[in-house]
Amino acid sequence: MPAPSSSSPTTAAPVSAPAPTPAPARSSRFGPVALVVSAGVSVQFGAALAVMVMPRVGAAGVVTLRLAAAALVLLLVCRPKVRGYGRSDWGTIVAFGVAMAGMNGLFYQSIDRIPLGPAVTLEVLGPLALSVIVSRRLVNLLWAALALTGVALLAGHGGGGLGGLDPLGAGFAVGAGAMWAAYIVFSARTGRRFPQADGLALAMAVAAVISLPLGVAEAGSDLLTPSTLALGLGVALLSSVLPYTLELLALRRLPAPTFAILMSLEPAIAATAGFLILSQAMSALDALAIALVIAASMGAVRSQGERKAKRGRG
């Protein structure tokens, strides 16, 4: 499932020098931002599509279809080499694949039970906790407290919030968040050990193999229905292939912490997708709770980035 620079092109230029081409500068910033936002929209609308497929094959069946289709596409496109790697390299791939399978499996079990917006809100607590642990700064404890306030609002709100939802679904979402944090760690390690997207393709294949028995046990031959296969391919393209490609392009021109801040918008995108496609309405209190978690995630990432920038200047 990526240290900002504290200076912008405008502040780096002399005060007396005119800004000759402000429009291209804005365009160069907007381009990668648009790619990240598009990736988030693709992921969450893919999740909404998955919810529509679940009555056919169940949550485990959707996960199997998504991971198997995504693995097939990535293996065909990347054609990764399998020789020349050591035991530790393959250990990283397996760990990455396990994290990927766990993240997807738990998340889809969650959205099979609770609305998409609250599910992603709880899931994003995993990366937020990882950011707080890595930074070890007091200010990030405050951001964590703000996020927990948002979760408390959801939990205490009967009806639309977590108080009126399946607690098992909420637990699956929190578990998916923990696996998301592991996914981030092993994704970075895989990127350092394997060229281009080879490691991702191999890890996706591992995740598909792990999920296959669960999907077959739940859905059986229904997985091979042509219409279901087509929908599963759509989920894979929207939730895996397209967003991973867009994010890869964006990260070539966008500082990683800025990327992480934009990723923090996913609960809002998920709530929107749930409303538009699945008619999952959100109350004002639910929206406030999600906004608090988004603000906490953005603040934690920005604080960590500012610390790295200060180290770089020092």
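A residue counts as buried under 20% relative accessible area, as exposed over 50%, and as partly exposed in between (1.4 Å probe, protein chains only). Take Leu276 as a test case. Leu276 is exposed, because its relative accessible area is 54%. This is a predicted model, so local features need pLDDT of at least 70 and side-chain atom pairs count only at pLDDT 80 or more, while totals for chains, interfaces and linings use all residues. Residues are numbered from 1 along each chain as its sequence is written, and side-chain values use heavy atoms, with hydrogens and water left out.

Leu276 sits in helix H11. Helices here are DSSP runs (H or I, at least four residues), numbered from the N terminus. Met52, Phe275, Leu276 and Ile277 form a nonpolar patch with about 400 Å² of accessible area together. Such a patch joins nonpolar side chains (Val, Leu, Ile, Met, Phe, Trp, Tyr) within 5 Å, from residues with over 30% relative accessible area and no salt bridge. The areas come from the Shrake-Rupley method with a 1.4 Å probe. Helix H11 (residues 266-278) gives the largest share of the patch, 3 residues.

Now follow H11 to its partner. Two packed helices are described by the angle between their axes and the distance between the axes. Each axis is a line fitted to C-alpha atoms over the stretch in contact, and angles run from 0 to 180 degrees between N-to-C directions. The axes of H11 and helix H4 (residues 116-123) come within 7 Å and cross at roughly 165°. H4 and H11 are therefore roughly antiparallel to each other. The cut-offs are under 35 degrees for roughly parallel, over 145 for roughly antiparallel, 65 to 115 for roughly perpendicular, and oblique for the rest. The crossing of H4 and H11 is right-handed. In a right-handed crossing the near helix is turned clockwise from the far one by less than a right angle.

How many residues of H4 are buried? The count is 8 of its 8, so H4 is mostly covered. Among them are Leu116, Pro118, Val120 and Glu123.

H3 and H8 pack at about 55°, with their axes 7 Å apart. That angle makes H3 oblique to H8. The crossing of H3 and H8 is right-handed.

Next come the charged contacts. A salt bridge is a side-chain nitrogen of Lys or Arg within 4 Å of a carboxyl oxygen of Asp or Glu. The whole structure holds 2 salt bridges. One of them joins Asp89 and Arg193, at 2.6 Å from N to O. Asp89 is in helix H3 (residues 87-111) and Arg193 is in helix H7 (residues 167-193), so this pair links distant parts of the chain, 104 residues apart. Asp89 is buried, because its relative accessible area is 14%. Arg193 counts as partly exposed, because its value is 37%.

Asp166 and Arg113 also form a salt bridge, with their closest N and O atoms 3.8 Å apart. Asp166 lies in the loop between helix H6 (138-156) and H7, and Arg113 in the loop between H3 and H4, so the pair ties together parts that are 53 residues apart in sequence. Asp166 is partly exposed at 29%. Arg113 is partly exposed at 32%.

Finish at Leu233, in helix H9 (residues 226-251). At 39% relative accessibility, Leu233 counts as partly exposed. Leu233 and Val73 are 160 residues apart along the chain, and their C-alpha atoms are separated by 9.7 Å.

Methods:
Patch = residues over 30% accessible without salt bridge, like charges linked within 9 Å, V, L, I, M, F, W, Y side chains within 5 Å. Helix = DSSP H or I, 4+ residues; strand = E, 2+ residues; numbered from the N terminus.
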